[in-house]
Amino acid sequence: MKVGELVEALKMRALPESSDDHGALVEFLKLYRDAVQLAVNNLWSLNNVPSIKTLHKMFYNELRKHGFRAHHAKQIYVYAKAIAKASKRNGGSKPVLRRLTARIDRYDYRLDLENRVLILKVHGNREVKLRLLSSNERIEKFKGWCNYEIAVKVVEGEVYVAVYFRKTVKPRRTETVMTVDVNFDNVTLAVFKPGGELLKLKRYKTPLRRILTHRIWIERIQRRYPRSWRFIKGVREAIRKHGERARSIAWDYAHRIGDSIAELASRYSSIVVLENLNKLRSNVDRSSSFNKKLSLWFYRRMLFTISYEALERRLEVNYINPVKTSSTCPRCGNRLESNGNRVMRCTKCGFMGDRDVIACINLFYRYTRCGGLGVPLNAPKGDANPRPMRGNRG
Ligand SMILES: [Zn+2]
């Protein structure tokens, strides 16, 4: 049985026990930042970003000499590597670090959640004591979880801590398979018995068109105030409001639908089968780059929420390559043609169905063929096809 993993951060403010603790923490964060910067500078002049092993040779002894602990040193060059790599990939200039923030390995801190005390081991064998400000309920949630890394930052004198927790989830027994297809207009789910019988079909409308109208408003405003809109407060404000509205619609939707889908999966004891993230299916017919970016962002959000909520209910989650799932005939494997209005038709065997439902069926076949559930290789026969496909739209 596959094991899933949940990762979550507990973020909170923290108060240094004394002004000495505060001073030592800030000093540590400054040293840490400068060390990362130095490593970035070194890496920047190289053509290729070296392996972790080489990085270790390059920086470890030097960092240790400056009073960093073994795991500090490792965090520093790993972090520097990530920064340098990301900036090179984006064609950016050499990054300059300003913020006071550090990632700290679990060997370099002691966490006492019960008493809300965090002790950090900083440079030169010093320790910094922090009192964590968090509610009982939030802390209660993480009992039985395993903490690994923490992130500490100081912003305008205030200390913030994020503790990263993980929990392995032993999936429970499943009896059915739920496949989920996400596209620009709809999120469609289908629940199948292992033999292929369709138990449930449900469709949710996505809010992407609604979000697009906010985008259109923004563009309209920007056109009305060419160049100058950035400098007019009211206009800037209007644009910000539309952007915020669009984001909150998307977040809200992803949470609600993710929850609802996982709840259904739980009721049917389903294995959840999702499309693989690198979604190659493009929306050719509406291919403005904003639409593409928006839908890609939305798919990711959606898939993440569904899988997270499913894991929390101890359901196994699997990913399947979605290429051509909505354009392949589930009966004979031929290429389907559009018959208008999202209905697809097979020119070879005459099969007809809604494209989202077809995508769900093909995901199911692909999953069972991959050997999930130990289902016999179930070559789709005409009469084995789930019924409610013909012209089902709603
Ligand atoms: Zn066919």
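Rings of Phe, Tyr and Trp (its six-membered ring) pair if their centres lie within 6.5 Å, and planes under 30 degrees apart count as stacked, over 60 as edge-to-face and the rest as tilted. The structure holds nine aromatic pairs. This is a predicted model, in which local features need pLDDT of at least 70 and side-chain atom pairs count only at pLDDT 80 or more, while totals for chains, interfaces and linings use all residues. Residues are numbered from 1 along each chain as its sequence is written, and side-chain values use heavy atoms, with hydrogens and water left out.

**Aromatic pairs**

- Tyr253 and Phe298 form a tilted pair, at 5.7 Å centre to centre and with 40 degrees between the planes.
- This pair links distant parts of the chain, with Tyr253 in helix H6 (residues 233-267) and Phe298 in helix H7 (residues 289-312), 45 residues apart; helices (H or I, at least four residues) and strands (E, at least two) are DSSP runs, numbered from the N terminus.
- Tyr253 and Phe298 are both buried, where buried means under 20% relative accessible area, exposed over 50% and partly exposed in between (1.4 Å probe, protein chains only).
- Phe364 and Tyr365 also form a tilted pair, with 5.8 Å between centres and 50 degrees between planes; Phe364 is buried, as is Tyr365.
- Phe28, Tyr32 and Phe68 are linked into a cluster by ring pairs.

**Charges over rings**

- Arg166 lies over the face of Tyr148, 3.9 Å from the ring centre; the criterion is NZ of Lys or CZ of Arg within 6 Å of the ring centre and within 35 degrees of the ring normal.
- The charged end of Arg220 sits over the ring of Trp217, at 5.1 Å from its centre.

**Zinc site**

- The zinc ion has as protein donors the SG atoms of Cys329, Cys332, Cys346 and Cys349, 2.2 to 2.3 Å away; donors are N, O and S atoms within 2.8 Å of the metal (3.2 Å for Na, K and Ca), and water is not among the atoms, so sites may look incomplete.
- The site is tetrahedral, with angles of 103 to 115 degrees among the four donor atoms; four donors count as tetrahedral if all angles lie between 85 and 135 degrees.
- Along the chain, the donors follow the spacing C-x2-C-x13-C-x2-C.
- Cys329 is buried, at 3% relative accessible area, whereas Cys349 is partly exposed, at 29%.

**Sheet**

- Three strands form an open sheet in the order E13-E14-E15, with antiparallel pairing; two strands pair if DSSP finds at least two bridges between them.
- E13 and E15 are the edge strands, each pairing on one side only.
- E13 and E14 pair over three bridges.

Conventions. Tetrahedral: all angles 85-135°; square planar, octahedral: opposite > 155°, others 65-115°.
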